[in-house]
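Subject: Structure for your review

Dear colleague,

Please find below the structure I am handing over to you, with its sequence. My notes on it follow.

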Amino acid sequence: MRIFLAGATGVIGRPLVDTLLAAGHEVTGTTRDAARAEALRARGVTPVVLDAFDADAVHAAVRAAEPEVVIHQLTALPAQPDPKRMDAAVELTARLRRETVPTFIAAAHAAGARRILVQSISFATQPDGRPDHDETAPLAPEHEAVGAMEAAILGAPDGLTALSLRYGFFYGPGTWYAPDGAIGQMIAKRRFPLIGSTEGRSSFIHVDDAAAATVRALDRGPTGIYNITGDEPLPQHVWLPHAAQLMGAKRPLRVPAWLARRLAGDAVVHYATTLPGNLNGRAVTTLEWRPRRWRDGFAEVFGS
């Protein structure tokens, strides 16, 4: 199958390339960097250096690749969750979702592709008292860019099946949630505390399981939204001490929510205290896919 992958060198793009090639697919992959393009070529990918905000260039690149499926995995999040850089990175990621997804949908349709798969996030729904949400839960107002993107996906033209893949928090090689990743290093140095009630429920997904689900979606599932998450949403007081224990680190400190909000911002406190979990039943059933159990995955990643 011919695949056009926008964002082939990102956190999920890298393992996704490996999974696609191993399955025998022909992959055209984009990057913004010429050096990374050569690295893609060495791995067996046809590289394209592309500015995703250049609509004409996007249409030309997709048309030249003649893909059967287009995959959009573009984000702009930094390797380190530095508060000084995060606001700009979040805004650029919002622009990528709001402005480039409609372009890629139009380009995919014009090039005769039959499907487009787009990266979204599961941890964007509005708290409403329920511990866990499925895909029908309303998005929080601050995630209007996700809403605009998914409206474009659900409104894809006839003949193009469009899936929004709402990934959970990636853990595993190359992610923040790994012993050598940004969050892993903070846990190891006892700089990632338990905050407030610690009842916020994170829905993790091993990055390789996310790649596997994406490959399953190449030929499964109608247009719609799918949570690509683990089977069990985890309160902060469960996952954080367990990750620390697996790494041989000291138990995380505790801080009140007001102090964490002052030091790290509202989003960090929300994730720790009020974040709803996400249910993956639609993806498990429709994509005929099953992620690894979180304890097995955490042992593999944080205990290595």
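How many cavities of 30 Å³ or more does the count come to? The answer is one cavity. Please bear in mind that this is a predicted model, and that the values here were computed from it.

The cavity

The largest cavity holds about 70 Å³ of space. Its lining consists of Y171, F204, I205, H206, D209, G230, D231, E232, L234, P291, R292 and W294.

Strand β1 (residues 2-6) pairs with strand β2 in the parallel sense, over four bridges. Within this pairing, R2 stands opposite E26 in β2. Strand β2 covers residues 26-31 and is mostly covered, with five of its six residues buried.

The loop between α1 (13-22) and β2 contains H25. Is H25 buried or exposed? H25 counts as buried because its relative accessibility is 15%, and the cut-off for buried is under 20%. Leaving aside residues up to four places away in sequence, H25 touches M1, I3, L20 and L218.

Helix α2 spans residues 34-43, and D33 caps its N-terminal end. In this cap, a side-chain oxygen of D33 lies 2.9 Å from the backbone nitrogen of A35. After α2 comes G44, which has a positive phi, near 105°.

Q119 in strand β5

Q119 is found in strand β5, residues 115-121. With a relative accessibility of 8%, Q119 counts as buried. Which side chain makes a polar contact of 2.7 Å with that of Q119? The partner is the side chain of Q73. Beyond residues up to four places away in sequence, Q119 touches I12, H72, Q73, T75, M149, L165 and Y167. For a sense of scale, Q119 and A178 are 59 residues apart in sequence, and their C-alpha atoms are 21 Å apart in space.

H133 in strand β6

Strand β6, residues 132-133, includes H133. The relative accessible area of H133 is 0%, so this residue is buried. Its side chain makes a polar contact of 2.9 Å with the side chain of D128. Not counting residues up to four places away in sequence, H133 touches T125, Q126, P127, D128, N227, P276, G277, N278 and L279.

Helix α10

Which residues of helix α10 (residues 266-273) are buried? They are V269, H270, A272 and T273.

With kind regards

Note on methods. Residues numbered from 1 in each chain as written. Predicted model: local features only at pLDDT ≥ 70, side-chain atom pairs only at ≥ 80, totals over all residues. Heavy atoms only, no water. Buried < 20%, exposed > 50% of the residue type's maximum accessible area, 1.4 Å probe, protein only. Helix = DSSP H or I, 4+ residues; strand = E, 2+ residues; numbered from the N terminus. 1 Å grid on protein atoms, 1.4 Å probe; cavity = no way out; pocket = protein on both sides within 12 Å on 5 of 7 lines; lining within 4 Å. Points joined across faces, edges and corners; volume = space filled by probe spheres on them. Polar contact = N/O pair within 3.5 Å; in protein donor to acceptor, adjacent residues only side chain to side chain. Contact = heavy atoms within 4.5 Å. Pairing = 2+ DSSP bridges.
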